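Please open the structure in your viewer and keep the selection tool ready. The tour below goes from one selection to the next.

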Amino acid sequence: MQVFGTELEGVKNINWWYSVWVTPNADSISHILTEISRTLPDTTLKVYQKYTADTSIAQSSRRVVSALFSVLQKRKIKYVQNESLGSVGQKIQYPVETLRKKQGICIETSTLFASILEAMGFQAVLVIIPGHSFVGWHSEKDSKVYDFIETTMISNSKTTAADAINSAIKTYNAEVEAKNFSTGKSEIVDLATVRKYGILPNDVP
């Protein structure tokens, strides 16, 4: 399944189907986890645990996601603009293809990020807004507070993870102010929720 546009009884929104492209068990993802660990304090990957140098679990979560951003940034993945997000019949490549081709549209960089976040053990979300997508995660385990990052910014070697986080938060706040989440125009797709509905990762190597 690579073409977006199908329905399932009981599924709240068609946007939930994006989660099938989130493939945390793909072989290529496990290699990236090793790279991330090497850049963290004591070369230890901590998820929803606090590093000694940090003041909170939320701060440590940002540290890990920032390390992920830097690792992917070094792979020189080019962002390809595409305004047809959400169109029925749109073909979407898997994270392994994004890594191999070194390019992707926003939903493809988002599913790549989300795949790695889910593989690490983060409670990840996809944020789908008109014509665009980015990624978020629960700042602490089971928290109702989200943190976000703009995944397309890995294509700019001069951009920091902090820049990408601030950009995503700004976009999210604008959507909240416009009441787009309330009206359903925009949606936060929580991967843990959609997995409970049986929408599982597609089986890719």
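This is a predicted model: local features need pLDDT of at least 70, side-chain atom pairs count only at pLDDT 80 or more; totals for chains, interfaces and linings use all residues.

How close do the axes of H2 and H5 come, and at what angle do they cross? The axes come within 9 Å and cross at roughly 110°. Axes here are lines fitted to C-alpha atoms, for helices over the stretch in contact, and angles run from 0 to 180 degrees between N-to-C directions.

Residues are numbered from 1 along each chain as its sequence is written, and side-chain values use heavy atoms, with hydrogens and water left out.

**Helix H5**

Select residues 161-177, which form helix H5. Helices are DSSP runs of H or I with at least four residues, strands are runs of E with at least two, and both are numbered from the N terminus. The expected span is 1.5 Å times one less than the number of residues. For the 17 residues of H5 this should be 24 Å, and the end C-alpha atoms are 24 Å apart, which agrees.

Next, colour Ala-161, Ala-164, Ile-165, Ala-168, Tyr-172 and Glu-175, the buried residues of H5. Buried means under 20% relative accessible area, exposed over 50%, and partly exposed in between, with a 1.4 Å probe and protein chains only. These residues pack against several elements, including helix H2 (57-73), strand S4 (132-138) and helix H6 (180-183). Turn to the face of H5 away from its buried side to find the exposed residues Lys-170 and Glu-177. Just after H5, Lys-179 has a positive phi of about 65°.

**Where H2 meets H5**

Select Arg-62, Ser-66 and Phe-69 in H2, which meet Ala-161, Ala-164, Ile-165 and Ile-169 in H5. Contact means heavy atoms within 4.5 Å.

Go to helix H1 (27-38). Its buried residues are Ser-28, Ile-29, Ile-32, Leu-33, Ile-36 and Ser-37. Their cover includes H2, helix H3 (95-101) and helix H4 (106-120).

Last, select Asp-42, in the loop between H1 and H2. Is Asp-42 buried or exposed? Asp-42 is exposed, with a relative accessible area of 69%. Its phi is near 60°, a positive value in a residue other than glycine. Thr-43 is found in the loop between H1 and H2, and its phi is near 45°, also positive. Most residues other than glycine have a negative phi.
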